[in-house]
Every structure is written in C-alpha cells, then in structure tokens.
Amino acid sequence: MRTWATMLAAGLVAVPSVWGAGSVQAAELVILSNQGATPGVQALADAFSRQSGHKVTVLQETGAALEQRINNGPADLITSNPGPVGDLLKKGKVVAGTVTPFVLASLGVSVRAGAPKPDISTVEAYKAALIAAKSIGYSYGCSGTNVAEGIEKLGLTEQLKAKTVRTDGGPVTQYLAKGDFEIGIQQTNIMVGVPGTDYVGVPPGFLNKPCPSDVALLTVSKEQDAARQMIKFMISPEAAPLLRKTHAEPYKS
C-alpha cells in the first residue's frame, strides 16, 4: 500500500487549504493596489498564496494602465481609499456587496537621512517644527488631504503655503531623499525604512488622521471564487499581525 506521503507526492490526494485551492486548479489573481496600501497588500498576498496555492500578483498601476485593467482585465481585486472605490461601485466596475474595509495607515513624518529630527511629540512642538522648517512636502490623495486639514486646524495654511511642495506620483520619501524639502509627511507604512530618509514618528493627537483602504471584487475578474477567498483572508484574524508588521493596522468597524 502506498503511504500517505507517497500518494501526496504523486498528486493522488488533494489536500484542501484553509483559504483555498483544495482540489481545484490554482487560480492566478491580480490585485490592483493603491500606493498607501501596497506594503500590507503584498504581505497578505504572499501569505494567502502560500496557504491556498493560488498565485497572487500585486500591481500598483496608475492612469491609463489602471483604467485598462479595471475595464478589461486581467484583474480581480482592487484596493483604494473609500471614495475611489465608491465611485467604481457606482460605475458598475466592482461587484456590489464586496466592498470591504481592511486596513488603516497612520500619518508619519520623516526627514532626509542624517538631518536633525524635529520634536513632534506634542501639538505645539509639531506646529513649531512646521514653522521652523525651510520646506515641507506631502502628497495628494488621502494622506495629503489629512495633512492639509491638520495644517488648517493649526491655523498655518497661509503661513506655510510658500514653502509647501505637493508631490504628484511616487512616495513622498522619493522626493525627500533627493532633498526636495526638509520634512516629508505621508502614511507611515510607506515611509519607515526608506533609504535616504529617517523616520521621525507620527503626528500628535488629532493631527494623526489615518487613511483607510477598502478592497473590492472587480466585475472583470475571471477568478471570482478565489478572489472572494482573498477578501476573507484580508480581514481574518491571521491578517492582523501581517498588516502590523508593515506599520499599518487592521480596520476596525
């Protein structure tokens, strides 16, 4: 009689996984990820792939390339902030009932590598650091909106306008490392550990307004069963520590 191990090696026994493939042929999933969620999405995709046997590719597309994927595929899931995902739902590009919040990313402050780290431990210290800086950079999108709102609440919008750089495309740390500005502010999970920059910390109190990201099933998906399994995994207890390793938090309703 063949042993269990021999039969398994010969492919005669199908062993179902927790998330997945079971005896069904492994799927190839494509996730279209927004910049702010990409570290966490990649970590979850790697873990899901190991457990399920499905191959998962994470792409960070923009512009026409993103539109092409959304409209024609190949693509199965999309992650983005709630506003853009809601727009896709209205347009019929994502499947109703699949929009799922899964991650929160706090704001973070960095400086160029080797530069003095400002004190941002209190609201007043953070305010003083912004005033003292020769230049400040932050992006558009969710994190940029939240940074700008915080600056407005501090009453500094006009005072900082002349020395503020708004980046458009690519992480803020990319510009910070080149010396385009002294202080960069974006989501912590895409700032920590970036070469050429030093991470300082999160803004204090109400100034640290995190950015949520949702995941949703695209209507063009040809692997909807596997994609739904991926969504379930992304909000499972097992996903939480994986997200925290990327300096983000699982979404809590």
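**Note on pockets and ring contacts**

1. Strand 5 (107-112) and helix 5 (123-132) each supply at least two residues of the lining of the second largest pocket. Helices (H or I, at least four residues) and strands (E, at least two) are DSSP runs, numbered from the N terminus. A pocket is an open set of points on a 1 Å grid over the protein atoms alone, where a 1.4 Å probe fits, with protein on both sides within 12 Å along at least five of seven lines; lining residues have an atom within 4 Å of a point.

2. This is a predicted model, in which local features need pLDDT of at least 70 and side-chain atom pairs pLDDT 80 or more, while totals for chains, interfaces and linings use all residues. Residues are numbered from 1 along each chain as its sequence is written, and side-chain values use heavy atoms, without hydrogens and water.

3. The residues lining the second largest pocket include Val-111, Arg-112, Glu-182 and Ile-183.

4. Helix 3 gives the largest share of the lining of the largest pocket, four residues.

5. The structure holds one aromatic pair. Phe-48 and Phe-233 form this pair, with 5.8 Å centre to centre and 45° between the planes; it is tilted (ring centres within 6.5 Å; planes under 30 degrees apart count as stacked, over 60 as edge-to-face, the rest as tilted). Phe-48 lies in helix 2 and Phe-233 in helix 9, 185 residues apart. Phe-48 counts as buried because its relative accessibility is 0% (buried means under 20% relative accessible area, with a 1.4 Å probe and protein chains only). Phe-233 is also buried, at 0%.

Key:
Rings of Phe, Tyr and Trp (its six-membered ring) pair if their centres lie within 6.5 Å; planes under 30 degrees apart count as stacked, over 60 as edge-to-face and the rest as tilted. Buried means under 20% relative accessible area, exposed over 50%, partly exposed in between (1.4 Å probe, protein chains only).
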